[in-house]
Amino acid sequence: MPAKRPQPRNARLLLIGGAEDPDERNPHILPHLVQMAGGRKARLVVCSAPSAEPEEKVDTYGKLFRRLGVAEVVGAPIAQRNQADETALLEAVGRATAVFFTGGDQLRLSSLVAGTEFAELIRTRLFENGLVVAGTSAGAAAAGSVMIIGGGAGGHTVRRADVDLAPGLGYWRDSVVDTHFNQRGRVHRLMTIFAQNPQVLGIGLDEDTAVELQPGTGFRVLGSGAVMVFDGRVTHSNAADVGDEAILAATDSVLHVLPAGYGFDLQAMRPRLPSGELIPEKPHG
């Protein structure tokens, strides 16, 4: 079994599969983010760098978060890398209780902010000072150490040629997060990754569904859909011996399907019941 790297356990993330809170009369995920960030004392930075229309996205989420009663919302409609290092934005991150990454294109997000002072300050405050980091759709997909930047929808098989990968922002190491998961038939995408790198844990987030996460410790599920957890510690893969168009072998990968209230222990690598009880591993034989 590959050893997991130690991760800071005071960090908190909320990763959302997209299309969150479609019924504005009864929202549940974004109000939960506000509570994680301090309720009416919450101070949010909304980063819309993934979007091709960043100003519009900031405006939409700004109105929503203000309606939920947060104390301060600062927009970060980053369209050029130099904007990520502006003093006023860094000051806003310094006093924020949460940073929220919108949807759009995760490669656009990483190309605009990875390695900037903005991204590094978020990382430092996430791991050391209690900053909550949240993201929806592309904003969630970029949180892992590996991110999927392309790949066909349902019906494709497990081939390296079907999935394009890039480094993520690394807020949740040894993981890959896929979003709009069952709505767009994306199981094959995570299986392809495991065949190439069995160390990673795969998380498939349905729309209007989220995980509240402490890296290295565990997460719990909230929302109206399911979270599919792929333990990719396969016993065999042929990835090193075949070409991009060949079918990949991956044996003994474990899948868990978790609805709201269930959790997952990242130390035991086992799911938890809503009561908090760890579900034991199935006996062998």
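Biologist: In which sense do β1 and strand β10 pair?

Modeller: This is a predicted model, where local features need pLDDT of at least 70, side-chain atom pairs count only at pLDDT 80 or more, and totals for chains, interfaces and linings use all residues. Residues are numbered from 1 along each chain as its sequence is written, and side-chain values use heavy atoms, with hydrogens and water left out. Strands here are DSSP runs (E, at least two residues), numbered from the N terminus, and two of them pair if DSSP finds at least two bridges between them. β1 and β10 (residues 209-214) have four bridges, and the sense is antiparallel.

Biologist: Which residue in β10 is the bridge partner of I16?

Modeller: I16 also stands opposite T136 in β5, and β1 and β5 pair in the parallel sense over five bridges. In β10, the partner of I16 is A210.

Biologist: Okay, which are the edge strands?

Modeller: Nine strands form an open, mixed sheet, in the order β3-β2-β4-β5-β1-β10-β11-β16-β17. An edge strand pairs on one side only, and that picks out β3 (72-76) and β17 (270-272).

Biologist: What angle does helix α5 make with β4?

Modeller: Helix α5 (residues 117-128) packs on the sheet and touches β1, β2, β4 and β5; contact means heavy atoms within 4.5 Å. Axes are lines fitted to C-alpha atoms, for helices over the stretch in contact, and angles run from 0 to 180 degrees between N-to-C directions. Against β4, the angle is about 130 degrees.

Biologist: How many residues of β1 are buried?

Modeller: Buried means under 20% relative accessible area, with exposed over 50% and partly exposed in between (1.4 Å probe, protein chains only). β1 is mostly covered, and of its five residues the buried ones number four.
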